[in-house]
Amino acid sequence: KLGYSFADLDLLGTLAIDQDIPHRATDLASTLYVSDAVISTRIARLEEDGLLERRRNPEDRRAFDLFLTPRGRALIERAIVD
């Protein structure tokens, strides 16, 4: 109905729960019980759709932290209501 799979919404919902804590792709893969390859593909697609963004980690310049965009937050709120 919303145009995204349950797995996509699960990833976005995980980011929404702890919105003030930066999340890394490898941590999300472990939390969601998927491989790094699966999470990377999903993150790239959701980022392209404007639902999440990657920001370089200030303490580890090699790593990226993931955050919901306002559009991603609105999608999760709609999913909860529906």
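Predicted model: local features only at pLDDT ≥ 70, side-chain atom pairs only at ≥ 80, totals over all residues.
Colleague: What span should helix α4 have at 1.5 Å a residue, and how far apart are its end C-alpha atoms?
Modeller: Helix α4 runs over residues 70–81 and holds 12 residues, so at 1.5 Å a residue it should span 16 Å. That expectation agrees with the model, in which the end C-alpha atoms of α4 are 17 Å apart.

Colleague: Which residues of α4 are buried, and on what arc around the axis do they lie?
Modeller: Gly72, Leu75 and Ile76 are the buried residues of α4. Because they cover only a limited arc around the axis, they are placed on the same side of α4, and that arc is 95 degrees.

Colleague: Which residues are exposed on the other side of α4, and what covers its buried residues?
Modeller: On that other side, the exposed residues are Pro70, Arg71 and Val81. The cover over the buried residues of α4 includes α1 (6–17) and β2 (64–68).

Colleague: How many residues of β2 are buried, and which residue of β2 is the bridge partner of Arg54?
Modeller: Strand β2 is mostly covered, with four of its five residues buried. It pairs with β1 (residues 52–56) in the antiparallel sense over five bridges. Within β2, the bridge partner of Arg54 is Leu66.

Colleague: Is Thr69 buried or exposed, and with which residues is it in contact beyond its neighbours within four places in sequence?
Modeller: Thr69 is found in the loop between β2 and α4. Its relative accessible area is 12%, and since buried means under 20%, Thr69 is buried. Leaving aside neighbours within four places in sequence, its contacts are Gly50, Leu51, Leu52 and Glu53.

Colleague: What is the phi of Tyr33, and is this residue buried or exposed?
Modeller: Most residues other than glycine have a negative phi. Tyr33, in the loop between α2 (25–32) and α3 (36–48), is not a glycine, yet has a positive phi of about 60 degrees. With a relative accessible area of 76%, where over 50% is needed, Tyr33 is exposed.

Note on methods:
Residues numbered from 1 in each chain as written. Heavy atoms only, no water. Helix = DSSP H or I, 4+ residues; strand = E, 2+ residues; numbered from the N terminus. Expected span 1.5 Å × (residues − 1). Buried < 20%, exposed > 50% of the residue type's maximum accessible area, 1.4 Å probe, protein only. Arc of directions from axis to C-beta. Contact = heavy atoms within 4.5 Å. Pairing = 2+ DSSP bridges.
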